[in-house]
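Follow the strands and then the helices through this fold. Keep the model in view as you read.

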Amino acid sequence: MLDSLQQARNQLVAPAKSLRQISSDLFTSLFVLNSHIRFKPTAKQTYWLYLKDGEYRLSLIAPVQWSPDRSGRFIGACELQADLTWTLELSADCANDRAFLQTIAERRRQLEQTLQQAEKIEDALPVYVETLPYYARVLASALAYSLKQSMQKSGILGLSFRQAEKQQRLTQTE
């Protein structure tokens, strides 16, 4: 695991990001990483997220390549970025599903609360999440490292959520 983590860190390109971007990247990345991943994802490769039998699964197989009864509900296309954050483009079905969007919004509120309650923002990062499968655990740890690098470059590392918001408002007005 340590070799995989070091390899991920060596490939890292972490730009400075705003607090909102860090929060958004963390949410999307955790959403993807909390799915079942049975392979080693690589950057700049498209993967597909499905929901079947109550479990999210990341797959190498596109929705057009198999039937929904085998794959489950297609949630969206995912891509691992060079900074080890994930993007997720929701399928049209999910983007128009009110119940699904409400579930996502509730999860987002829970993450925002966690970030706001943390003594320092980085305390809420997934440095080691034992419950995640191997590749997701490695990528979550690398994600935490990446976001810390972005926070350091943005001057908000070591700050609480409120302090970081205040710091970034002051920076924007200068």
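**Sheet and helix packing**

Four strands make an open sheet, ordered S2-S1-S3-S4, with antiparallel pairing. Strands are DSSP runs of E, at least two residues, and helices are runs of H or I, at least four, numbered from the N terminus. Two strands pair if DSSP finds at least two bridges between them. S2 (55-59) and S4 (86-90) stand at the edges with a single partner strand each, so one side of each has no neighbour in the sheet. The twist averages 30 degrees from one strand to the next. S1 (residues 46-52) is joined to S2 by five bridges. Leu-49 has Leu-58 of S2 as its bridge partner.

This is a predicted model: local features need pLDDT of at least 70, side-chain atom pairs count only at pLDDT 80 or more, and totals for chains, interfaces and linings use all residues. Residues are numbered from 1 along each chain as its sequence is written, and side-chain values use heavy atoms, without hydrogens and water.

Now the helices. The axes of H2 (residues 19-33) and H6 (residues 134-154) come within 11 Å and cross at roughly 175 degrees. Axes are lines fitted to C-alpha atoms, for helices over the stretch in contact, and angles run from 0 to 180 degrees between N-to-C directions. H2 is therefore roughly antiparallel to H6 (over 145 degrees). Contact means heavy atoms within 4.5 Å. On H2, the contact uses Ile-22, Asp-25, Leu-26, Ser-29 and Leu-33. Among its H6 residues are Leu-139, Leu-143 and Met-151.

H2 also packs on H5 (residues 98-117), at about 125 degrees with axes 11 Å apart.

Conventions. Parallel < 35°, antiparallel > 145°, perpendicular 65-115°, else oblique.
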